[in-house]
Amino acid sequence: MLLTVFNILFVIIAIAMIALILMQRGAGAAAGSGFGGGASATVFGARGSSNFLSKATKWLAISFFAVTLFMAWYAMHRANPNALDMDLGVMGGQVPVAPVDGAATTPVAPQAPADATVPAAPAADGAVPAAPENSSQESPQPTPQND
């Protein structure tokens with residue numbers, strides 16, 4: 001319920017800020033006042049609206065950030081009130097202690113059984129076996145290139 005109220009307030013403040021920012025004059029608007037800009041015909045008086053709009057924008061921005069921070073804090077604490085007491089499962093277990101005796105045990109890989117189906121390595125004399133010849137296939141002939 002509280003978060004819904006703050007969401008509505010958040011949207012109203014955001015719309016009001018957008019309206020106030022769009023109503024303000026830019027930095028180049030002062031150049032047009034020399035050509036007959038009627039400052040006395042404004043809604044906010046002869047001084048113009050710069051003072052009122054800038055102060056209103058400042059306070060709306062402060063309230064916008066305050067509501068944003070409160071909503072983030074409230075949602076975080078409402079979602080997970082016991083964040084520090086969470087069960088981490090396997091990662092939360094105790095860390096295994098290293099052996100004290102100093103003898104490091106390294107696992108040894110098991111030896112593969114000697115099997116007769118595995119071919120033996122070639123002889124070290126450097127002889128390379130020839131490729132088998134197949135009489136049914138002809139060797140490819142080079143094709144002439146047209147230049």
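I began with the buried residues of α1, and they are Ile-13, Met-17 and Leu-20. Buried here means under 20% relative accessible area, exposed means over 50%, and partly exposed lies in between (1.4 Å probe, protein chains only). The face of α1 turned away from the buried side carries the exposed residues Ile-12, Ile-15, Ile-18 and Leu-22.

I noted the basis of the model before going on. This is a predicted model, in which local features need pLDDT of at least 70, side-chain atom pairs count only at pLDDT 80 or more, and totals for chains, interfaces and linings use all residues. Residues are numbered from 1 along each chain as its sequence is written, and side-chain values use heavy atoms, with hydrogens and water left out.

**Whole chain**

I looked up the elements and found 2 helices and 0 strands in the protein chain. Helices (H or I, at least four residues) and strands (E, at least two) are DSSP runs, numbered from the N terminus. Of the 147 residues of the protein chain, 9% count as buried. I read an accessible surface of about 13,500 Å² for the protein chain, with 66% of it belonging to carbon and sulfur atoms. Such areas come from the Shrake-Rupley method with a 1.4 Å probe, and for residues only the protein chains shown count as cover. Among contacts between residues at least 6 apart in sequence, 86% join residues at least 24 apart. A contact means heavy atoms within 4.5 Å.

**Helix α1**

I checked the length of α1: it has 22 residues and reaches 32 Å from its first C-alpha to its last, close to the 32 Å expected at 1.5 Å a residue. The expected span is 1.5 Å times one less than the number of residues. Asn-7 is in helix α1 and is partly exposed, at 37% relative accessible area. I found 8.2 Å between the C-alpha atoms of Asn-7 and Met-71, which are 64 residues apart along the chain.

**Rings**

I counted 5 aromatic pairs in the structure. Rings of Phe, Tyr and Trp (its six-membered ring) pair if their centres lie within 6.5 Å; planes under 30 degrees apart count as stacked, over 60 as edge-to-face and the rest as tilted. Phe-10 and Phe-64 are stacked, because their ring centres are 4.8 Å apart and their planes at 20 degrees. This pair links distant parts of the chain, with Phe-10 in helix α1 (residues 2-23) and Phe-64 in helix α2 (residues 50-79), 54 residues apart. Phe-10 is partly exposed at 23%.

Phe-70 and Tyr-74 are also a stacked pair, at 5.9 Å centre to centre with 20 degrees between the planes. They are 4 residues apart in helix α2, so about one helical turn separates them. Phe-70 is partly exposed at 29% relative accessibility, and Tyr-74 is partly exposed at 24%. I also noted a cluster in which ring pairs link Phe-6, Phe-70, Trp-73 and Tyr-74.

**Thr-57**

Is Thr-57 buried or exposed? At 14% relative accessibility, Thr-57 counts as buried. Thr-57 lies in helix α2. A polar atom of the Thr-57 side chain lies 2.6 Å from the backbone oxygen of Leu-53. Leaving out residues up to four places away in sequence, I found that Thr-57 touches Leu-20, Ile-21 and Gln-24.

How values were computed
Polar contact = N/O pair within 3.5 Å; in protein donor to acceptor, adjacent residues only side chain to side chain.
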